[in-house]
Amino acid sequence: MDTNTQRLLHTFSALADLGQEISDTNDFEEMLRNSFHLLLGSLAIRRGAVTEYDREAGTLRLIASRGFGESTNDALELPADHARELASFGSTMTLDGATRRAQRFLEDHKALASIEIDLLLPLVVRERLIGIVLLGEKASAEKYTDEDLEVLSALARHIGVGIHSHRLLEEVEHKAIENQRLYDGLRKIYKETVQAFAAAIDIKDRYTQGHSVRVGKYSEIIAREMGWSDEEVEGITIAGYLHDIGKLIVDLSVINSPERFSAKDSKEMSRHPSAGYEILARINHPYAEIPLMARYHHERIDGNGYPDGLKGDQIPPGAKIVTLADSFDAMTTDRPYRKKLPLEDVLEDFRANTGTQFDPAVVCAFCRAFLNEIEGRKEKRLLNLLKKNYDEVESVTPLLNQLISDFDGASLTATAH
Ligand SMILES: [Fe+2]
């Protein structure tokens, strides 16, 4: 086998190794260093360096080098017009022949001249300079042949494309992170706006301070217990916060009346779910069901609720959850016309009205969540909301167990979809 064939074979294997190197290594700089050493090894070159061009800074940054000592450590300046010139030149620049262009380049870059390089390989991708490979003489001190230059150009193309793809990927990742941050910011603003609304609703209704926020939290706890996804849980929490938003346009004297409602007042008050729907339907929510959850939070599964008299499965699952959360908070807080009920009575009310007013699966999930907190299996969220009004909650454990066994496995009409 003659030397040329041997060299050719060696080059092929170097290229194959390089491809492997690029696909195997996760550490980009290490991949580049290895590729570069393969390149030096393929032609037994003693000294060389790979630099990356930073377009914004107008400098060449050293990524890997061998045999240059400290002399190439500083970033080399490379003005934009020089970079463009190099990119347009495209291929390998032999410096020993000192073409005019190369000569001028070296005059402009004394630092390069001082490290005695024989070859400049501009790394160009899509007509843009990505970096430069600088090479010193071969170990044999022979001149570079045309064939050598071809080999080097092929290897350098690999390195250039490697750097370019890596930076593109980094840019995409960076943009994705930035977008995520913007999106998170918007979500935060949305949530804060919703909470501000909830506070506004509750201020209007001075007997039910904090009601909307608590209903949001109870709804969240129930939905979580029912295995809803994070996104759905977030949606129903917001629906809970906003379920009474329609009260903002109901006559204030009706809401704050210390008496039970008269028939006329009841009629005025019963406008609030549809009024809420009208308000919420105009907003583009991240969770499409929110307006419907507000509209149907006074429906009953026996069809005797309002505003539309929907039955069973016609009522969106989210609305059924908000209904129970709403009733639970109403019964566990003082109202103008009655005091809060003992917890046993609240649960008895649930038992009596499950299947007519409430969905069994929702009642069951609520009781499971409640019991899990009492028995320490879950973080005390529901209990923390209750402790302001109740000194003791453990005594309802038997009742909770009873309700769970009554309604467990009930037709699960209240699933997310
Ligand atoms: Fe309501």
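User: Which residue forms a salt bridge with Arg-381?

Analyst: The model is predicted: local features need pLDDT of at least 70, side-chain atom pairs count only at pLDDT 80 or more, and totals for chains, interfaces and linings use all residues. Residues are numbered from 1 along each chain as its sequence is written, and side-chain values use heavy atoms, with hydrogens and water left out. A salt bridge requires a side-chain nitrogen of Lys or Arg within 4 Å of a carboxyl oxygen of Asp or Glu. Here the closest N and O atoms are 3.2 Å apart, and the partner of Arg-381 is Glu-220.

User: How many residues apart are Arg-381 and Glu-220?

Analyst: Arg-381 lies in the loop between helix H15 (360-374) and helix H16 (382-386), while Glu-220 belongs to helix H7 (residues 211-225). Helices (H or I, at least four residues) and strands (E, at least two) are DSSP runs, numbered from the N terminus. The pair thus links distant parts of the chain, and the separation is 161 residues.

User: Which residue meets Lys-320 in a salt bridge, N to O?

Analyst: The N to O distance in this salt bridge is 3.1 Å, and the partner of Lys-320 is Asp-359. Lys-320 lies in helix H13 and its partner in the loop between helix H14 (343-353) and H15, so the bridge ties together parts that are 39 residues apart in sequence. Lys-320 is buried at 5% relative accessibility. Also buried, with a relative accessible area of 3%, is Asp-359.

User: Which residues coordinate the iron ion?

Analyst: Donors are N, O and S atoms within 2.8 Å of the metal (3.2 Å for Na, K and Ca); water is not among the atoms, so sites may look incomplete. The iron ion has its donors at 2.2 to 2.4 Å, and they come from Asp-244 (OD), His-272 (NE2), His-297 (NE2) and His-298 (NE2).

User: Where does His-297 lie?

Analyst: His-272, a donor to the iron ion, is in helix H11 (residues 272-281), 25 residues apart from His-297. At 1% relative accessibility, His-297 counts as buried. The location of His-297 is the loop between helix H12 (290-295) and helix H13 (317-331).

Key
Buried means under 20% relative accessible area, exposed over 50%, partly exposed in between (1.4 Å probe, protein chains only).
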